[in-house]
Amino acid sequence: MYFYGTSCPKAEHIVKDYVKQHIPNAPSVAAALLRMHFHDCFVRGCDASLLLNSTTGQAEKNATPNLSLRGFDFIDRVKSLLEAECPGVVSCADIIALAARDSVVTIGGPFWNVPTGRRDGVISNITEALANIPSALSNFTTLLSQFNNLGLNTTDMVLLSGGHTIGISHCPAVSPRLYNSTGPGGIDPTMDSEYAENLKANKCKTATDNTTILEMDPGSRKTFDLSYYSLLLKRRGLFQSDAALTTDSTSLAFINQLLSSPTQFFFDEFGKAMEKMGRINVKTGSEGEIRKQCALVNS
């Protein structure tokens, strides 16, 4: 904690102030930064490898699951403020972790500790992103193995999925459940039929729509709350990967525990899972580097 206490004492305040200044005007960016942190940590650990550009289009950010990420410019602007204050000191990896936490807090979500001192990686590989970032179309077994590989367990997976309480998505992540599944009209039999018909009539009107925005927690998207889990039990999870959380007994029992507990329990447990995620394969000491610009390795 407070790794920059002497080397850049204002670092965490600078991040927090920038977040507090801008997130209230653009609250959906909180979800984008939370997702960025998740996608970064799941590939080579929390090392900002996600931010690197590739001249040949072979970096993590070029992988399909990362093409809809937002917030790169937000991170760059925070980085420039920190470079002005303490050149070459604060890593891009720490900026992502701090900005994700501060933005979730700013929209009324849970607080969690963010230990710092992560260093920035120098490798970014499109293939690794495709292999390691959990897919919206995955079943429980596949999802759990990807989380287990990184030291996360079933409850961590259920909790981190709860970030979808503030999420938005686009039709390609759900269209296979509406058009190409085994139920009547191509609808996934594990999805509430009324909900599915509503999505087909009003949102994903064709199987190829890739622009319409969907709320992952309809009616409550701007609030960090338990309603995402309530929807899962009504078979109204948007993704296959959301619905999958109800197909395992351990996972389902934990969802029921969350729903029968005060929201503060969810907040506390979500925070613990986020802190755990933020420690995945971090680079410290002399590993990696402190990038001067988040999209480029130092020359």
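Start by selecting Gln58, which sits in the loop between α2 and α3; helices here are DSSP runs (H or I, at least four residues), strands are DSSP runs too (E, at least two), and both are numbered from the N terminus. With a relative accessibility of 43%, Gln58 is partly exposed. For this tour, buried means under 20% relative accessible area, exposed means over 50%, and partly exposed is in between (1.4 Å probe, protein chains only).

Now show what lies around Gln58. Not counting residues up to four places away in sequence, Gln58 touches Ser124, Asn125 and Ile126, where contact means heavy atoms within 4.5 Å. Draw a C-alpha to C-alpha distance from Gln58 to Ser124: the two are 7.8 Å apart in space and 66 residues apart in sequence.

A word on what you are viewing: this is a predicted model, in which local features need pLDDT of at least 70 and side-chain atom pairs count only at pLDDT 80 or more, while totals for chains, interfaces and linings use all residues. Residues are numbered from 1 along each chain as its sequence is written, and side-chain values use heavy atoms, with hydrogens and water left out.

**Helix α3**

Next, select Glu83 and Ala84. Glu83 has its place in helix α3, and Ala84 is found in helix α3 as well.

Leaving aside neighbours within four places in sequence, Glu83 is in contact with Gly88, Val89, Val90, Arg291 and Lys292.

**The disulfides**

Select the cysteines now. A disulfide is a covalent bond between the sulfur atoms of two cysteines. How many disulfides does the structure hold? There are four, each taken as a pair of cysteine sulfur atoms within 2.5 Å. Counting bonded cysteines along the chain, the pattern is 1-4, 2-3, 5-8, 6-7.

Go to Cys8 and Cys86, joined with an S to S distance of 2.0 Å. Their link is right-handed, with 80 degrees about the S-S bond. This pair connects distant parts of the chain, 78 residues apart: Cys8 belongs to the segment before α1 (11-22), and Cys86 to the loop between α3 (72-85) and α4 (92-106). Cys8 is buried at 1% relative accessibility, and Cys86 is buried at 7%.

Move on to Cys41 and Cys46, whose disulfide also has an S to S distance of 2.0 Å. This link is right-handed, with 115 degrees about the S-S bond. Cys41 counts as buried at 0% relative accessibility, as does Cys46 at 1%.

Then pick Cys171 and Cys204, bonded at 2.1 Å S to S. The torsion about their S-S bond is about -90 degrees, so this disulfide is left-handed. Cys171 lies in the loop between β1 (168-170) and α8 (175-179), and Cys204 in the loop between α9 (193-202) and β2 (213-215), so the pair ties together parts that are 33 residues apart in sequence. Cys171 is buried at 0% relative accessible area, and Cys204 is buried at 0% too.

**Where α2 meets α13**

Show α2 (residues 28-41) and α13 (residues 263-277) as cartoons: they pack at an angle of about 45 degrees, with their axes 10 Å apart. Axes are lines fitted to C-alpha atoms, for helices over the stretch in contact, and angles run from 0 to 180 degrees between N-to-C directions. The two helices are therefore oblique to each other; angles under 35 degrees count as roughly parallel, over 145 as roughly antiparallel, 65 to 115 as roughly perpendicular and the rest as oblique.

**Last stop: Pro134**

Finish at Pro134, in the loop between α5 (126-132) and α6 (140-148). Pro134 is buried, with a relative accessible area of 15%. Leaving aside neighbours within four places in sequence, Pro134 is in contact with Phe38, Phe42, Leu143, Gln146 and Phe147.
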